[in-house]
Amino acid sequence: MTMLTAGFADPVLDAQATFRAVLEAVSRPGRIQRAGGALNPPAPLNQAAAAVLLTLADADTPLWLDGGSAAEAWLRFHCGAPVVAQPGAAAFALATGMPPALAALAQGTEEEPQGGATLVLQVSDLAEGEGWHLTGPGIEHEHRLRVTGAPEGFLSAWVANRAGFPCGVDVVLCAGDRLTALPRTVMIAEG
Amino acid sequence: MSALESPRAEGATMEGYNFAYLDEATKRMIRRAILKAVAIPGHQIPFGAREMPLPYGWGTGGIQVTASILGPADTLKVIDQGSDDTTNAISIRRFFRRVAGVATTEHTAEASVIQTRHRIPERTLREDQIMVYQVPQPEPLFRLEPRRAETKRLHALADYGLMHVRLYEDIARLGHIAKAYDYPVMVNGRYLMSPSPIPAFDNPKMHRMAALQLFGAGREKRIYAIPPYTEVRSLDFEDHPFRPIRAPHACALCRSTDTYLDEVITDDAGGRMFVCSDTDFCAERQAATAQEAAE
């Protein structure tokens, strides 16, 4: 049995810094933030995704993940989140490979759309200023975002996700120690 | 390593309390609510408001939101009706100085987080600032439909006819919409939202504001938000367009003619004066005028 690597060095202030990065990312979709640079999570978990879950997931948030047993053991220990087998039962879904269909995740209801899941999606790279054209709340004119390694068919699934507003799924994209977010309100046009 | 042993920001904070007073599980719960609130602009998210060391009605919702976002690098400004030096504003500033050791300021331009009761500063806010509103009653339909289960359904259906009728009745009886504060707005064309009891004069500032706006209601246990650059429209009618209301005077101290004014009674013989409600803005204008006169 291998030793678990450490979580946040300072659980209070590191969680606060990560939360502000995620808040900034959700408020200004497509702008890239940094988080979790000091973490050393087990593969295939990347630093940003690990930081986001350490900050937001706990015993109250069912977690679905595809990261294998080492990542699962690490998150179970540090977050204490119950791991569920069905993506649809999760408040947070962590996808290190091909994610479950957006429509298969919790969508919330018309009266309680906040029940929609948050998908933490690991991708290989994120770059500002090129690629997709993002518009919507949080964006003054337009933000550009290139996502390398986005799952196939993501854009058409996103159109369907947006159509269900106010229900739907919010996505946090993570690459290395960098992250950005796609709240359910954002419109994406191919670049 | 436990949270209490971790290194702290400069400036001694109170022993025995977590950074920014709230425990980490509570902050996580509030942070999750804030993120969903930003993702669904204008929609009220229930949260488990905690008992705070001051009573409901004194800004417990705003304080819990501020406590959940605040970090050691932040500079906090707190205003109460535009003023930095009322009891409520001073108490909340001192509270966060003691429990979080953060820097505080009275200058809008220096603040990264601005907690407010019932005003938006006159100075245009920037992208690197966050507004936190204290909200007494988050449900804009409350006076028309007191049943929560029913207002939830009305929001789900985007059925806001009740509010339009209420505004229309004002026009039919009085000739104009007689709502000077807490004037309802539509956020991103979807949700009817209470802007908290800010004067209607401030409503246009919410429209496409560069700063993120967060709203916390402690007693009513709701959090909602407006992301930056989001459409915020005050409800009105084509033939009765929304008009921000302002006393038709100049500020007696800084001579400003485009800011929101408070009426101050000066004696018991009918004496009164109008002064800027935003004390920081007024003081800056007075200082600038004094400097010009000196030069």
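Lys and Arg count here as positive and Asp and Glu as negative, while His and the chain ends are not counted; the place of a charge is taken as NZ of Lys, CZ of Arg, CG of Asp or CD of Glu. The model is predicted, so that local features need pLDDT of at least 70 and side-chain atom pairs count only at pLDDT 80 or more, whereas totals for chains, interfaces and linings use all residues. Residues are numbered from 1 along each chain as its sequence is written, chains are lettered from A in the order in which they are written, and side-chain values use heavy atoms, with hydrogens and water left out.

**Exercise 1. Describe the charges of the two chains.**

Step 1. Chain A carries 10 positive and 19 negative side chains, and the centres of these two sets lie 6 Å apart.

Step 2. In chain B there are 36 positive and 38 negative charges, whose mean positions are 6 Å apart.

**Exercise 2. Characterise the overall form of chain A.**

Step 1. Begin with secondary structure, where helices (H or I, at least four residues) and strands (E, at least two) are DSSP runs numbered from the N terminus. Chain A has 4 helices and 9 strands, and along the sequence they follow the pattern α-β-α-β-α-β-β-β-β-α-β-β-β.

Step 2. Turn to the radius of gyration, which is taken over C-alpha atoms and compared with a globule rule of 2.2 Å times the number of residues to the power 0.38. A compact globule of 191 residues would have a radius near 16 Å, and the 16 Å of chain A agrees with this. The C-alpha trace spans about 50 × 35 × 30 Å along its principal axes.

Step 3. Consider burial, where buried means under 20% relative accessible area, exposed over 50%, and partly exposed in between (1.4 Å probe, protein chains only). Of the 191 residues of chain A, 55% count as buried.

Step 4. Contact means heavy atoms within 4.5 Å. Among contacts in chain A between residues at least 6 apart in sequence, 64% join residues at least 24 apart.

**Exercise 3. Work out how chain B is built and divided.**

Step 1. Chain B contains 7 helices and 12 strands. Its radius of gyration is 20 Å, close to the 19 Å that the globule rule gives for 295 residues, so chain B is as compact as a globular protein of that length.

Step 2. Of the 295 residues of chain B, 53% count as buried, and 60% of the contacts between residues at least 6 apart in sequence join residues at least 24 apart.

Step 3. By an automatic or database domain assignment, chain B is divided into domain 1 (3–144 + 153–234) and domain 2 (246–295). Their centres, taken over C-alpha atoms, are separated by 26 Å, and 14 residues of domain 1 of chain B are in contact with 11 residues of domain 2 of chain B.

**Exercise 4. Examine particular features of the backbone.**

Step 1. The peptide bond from Phe165(A) to Pro166(A) is cis, with omega near 10°, and Pro166(A) lies in the loop between α4 (154–163) and β7 (170–175) of chain A. A cis peptide bond also joins Ala43(A) and Pro44(A), with omega about 0°; Pro44(A) has its place in the loop between β1 (33–34) and α2 (47–56) of chain A.

Step 2. Ala158(B), although not a glycine, has a positive phi of about 50°. Ala158(B) sits in the loop between α4 and α5 of chain B and is partly exposed, with a relative accessible area of 36%.

Step 3. Tyr21(B), also a residue other than glycine, has a positive phi near 75°. Tyr21(B) belongs to the segment before α1 (24–39) of chain B and counts as partly exposed, at 22% relative accessibility.
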